[in-house]
Amino acid sequence: MRIFDPHIHMTSRTTDDYARMAAAGVRAVVEPAFWLGQPRTGPGSFTDYFDSLIGWEPYRAAQFGVVHHATIALNPKEANDPRCRPVLDLLPRYLDKDRVVAVGEIGYDSMTPEEDDAFERQLALAVEHDLPALVHTPHRDKAAGTRRTLEVVAASGIAPDRVAVDHLNEVTVEMVRESGCWAGFSIYPETKMSPPRMVEILRRYGLDRMLVNSAADWGVSDPLLTAETGRAMLAAGFTEDDVDRVLWRNPVEFYGQSGRLDLTETAAGEETFEGSSIKRGGS
């Protein structure tokens, strides 16, 4: 089983996690910029964080044969803090970097006017920089937040198949599928989705435009739940090819739209992944 985790916050994880992930078949990850739990007080702390996502973290991942890319954005929660909003003006500097494969996480936390503005501006940046967008749906009022998300996406002019709407569940998946956007699901030990629930969603809605991730942040989470979902799929009668499509080829297809996804080598240079070198020039 080969695994590409399309949404995982490795800044919050240890080197032991990288070793366990590599042993379980995780060969590639995308790490979205997000809220670190402690409020940040100004743009400088974001630049340090973004620099780490495109510099230190890929190096750390490579020690375990894991290829690391990132998405960059002002996250929805901190979009409400006036001290953080100048970060929006810094984003173009990072959205031109080679290892940045989408704008994200963007979207909603509390559905405030400030979040509306940041969401719209960052979707415009995705269009301007020809990048996909990774969208966070709120943990509260998820159905209403997802409907509002899809309205903003539709009004932005970005192609729906260049948008992944994440943290979905049984209540929100159908509206996202109908929109033409990609549907993302975070598998957690206690909240969000579980492997059995994910299997039932795949049975009902199929495998097309489906992304399964662990998110694996500083809370109660598990970076091996992508592998557990793959095993649950096999136990439920899905084929190995089905598992490979969901856990590898789908994220390659989505982030490959950036033109920057480069999965040609592991850190050891021992393995190539056919069809997954989709890199274009950058800085």
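Begin by selecting His167, which sits in the loop between strand S6 (163–166) and helix H7 (173–179). The model you are looking at is predicted. His167 has a positive phi of about 60 degrees, although it is not a glycine. Most residues other than glycine have a negative phi. Is His167 buried or exposed? Its relative accessibility is 7%, so His167 counts as buried, since the cut-off for buried is under 20%.

Select Asp130 next, in the loop between H5 and strand S5 (133–136). Asp130 is not a glycine either, and its phi is positive, about 55 degrees. With a relative accessible area of 40%, Asp130 is partly exposed.

**A cis peptide bond**

Go to strand S4 (residues 100–107), where you will find Glu105. Look at the peptide bond that leads from Gly104 to Glu105: this bond is cis, with omega near -5 degrees. Most peptide bonds are trans.

**Helices H4 and H5**

Colour helix H4 (residues 87–95) and helix H5 (residues 113–128). Their axes are 11 Å apart, and the two helices pack at an angle of about 25 degrees. H4 and H5 are therefore roughly parallel to each other. The crossing in which H4 passes H5 is right-handed. To see the contact, show the side chains of Leu88, Asp89, Leu91, Pro92 and Leu95 on H4, and of Ala118, Arg121, Gln122 and Leu125 on H5. Sorted by class, this contact of H4 with H5 has six nonpolar residues, one polar and two charged.

**Helices H5 and H6**

The crossing of H5 and H6 is right-handed. On the H5 side, select Asp116, Phe119, Glu120 and Leu123; they meet Arg148, Thr149, Val152, Val153 and Ser156 in H6. The contact of H5 with H6 divides into four nonpolar, two polar and three charged residues.

**Helices H9 and H10**

Now select helix H9 (residues 225–235) and helix H10 (residues 240–256). How do H9 and H10 run, roughly parallel or roughly antiparallel? Their axes cross at roughly 150 degrees and come within 9 Å. H9 and H10 are therefore roughly antiparallel to each other. H9 passes H10 in a right-handed crossing. From H9, the contact uses Thr226, Gly230, Met233 and Leu234; from H10, it uses Glu240, Asp242, Val243, Val246 and Leu247. By class, the contact of H9 with H10 holds five nonpolar, two polar and two charged residues.

Stay on H9 and pick out its buried residues, including Leu225, Ala227, Thr229 and Ala232. Thr226, Gly230 and Met233, which take part in the contact with H10, are also buried. To see what covers the buried residues of H9, show strand S1 (3–5), helix H1 (15–24), strand S2 (26–32), helix H8 (195–205) and strand S8 (210–213), which are among the covering elements along with H10. After H9 comes Gly237, with a positive phi near 105 degrees.

**The nonpolar cores**

In soluble globular proteins, nonpolar side chains tend to be buried together. Select Phe50 and Phe185, the residues with the most contacts inside the largest nonpolar core, which has 71 residues. Then show what Phe185 touches beyond four places away in sequence: among the residues listed are Asp166, Leu168, Asn169, Val173, Met193, Met198 and Ile201. Met210, Leu211, Val212 and Asn213 also touch Phe185. Another core, of 16 residues, lies apart from the largest one; among its members are Phe4, Val30, Val67 and Leu261.

**Two distances**

Finish with two pairs. Gly65 is in the loop between helix H3 (56–62) and strand S3 (67–72), and at 19% relative accessibility it counts as buried. Draw a line from the C-alpha of Gly65 to that of Ala22: these residues are 43 apart in sequence and 6.9 Å apart in space.

For the other pair, select Thr112, in the loop between S4 and H5. Thr112 counts as buried at 18% relative accessibility. The C-alpha atoms of Thr112 and Ser258 are separated by 29 Å, and the two residues are 146 residues apart along the chain.

Definitions and conventions. Residues are numbered from 1 along each chain as its sequence is written. This is a predicted model: local features need pLDDT of at least 70, side-chain atom pairs count only at pLDDT 80 or more; totals for chains, interfaces and linings use all residues. Side-chain values use heavy atoms; hydrogens and water are left out. Axes are lines fitted to C-alpha atoms, for helices over the stretch in contact, and angles run from 0 to 180 degrees between N-to-C directions. Helices (H or I, at least four residues) and strands (E, at least two) are DSSP runs, numbered from the N terminus. Angles under 35 degrees count as roughly parallel, over 145 as roughly antiparallel, 65 to 115 as roughly perpendicular and the rest as oblique. A crossing is left-handed if the near helix is turned anticlockwise from the far one by less than a right angle, and right-handed if clockwise. Contact means heavy atoms within 4.5 Å. Ala, Val, Leu, Ile, Met, Phe, Trp, Tyr, Cys and Pro count as nonpolar, Asp, Glu, Lys and Arg as charged, and the others, Gly among them, as polar. A nonpolar core is a set of buried Ala, Val, Leu, Ile, Met, Phe, Trp, Tyr and Cys residues joined through side-chain atoms within 4.5 Å. Buried means under 20% relative accessible area, exposed over 50%, partly exposed in between (1.4 Å probe, protein chains only).
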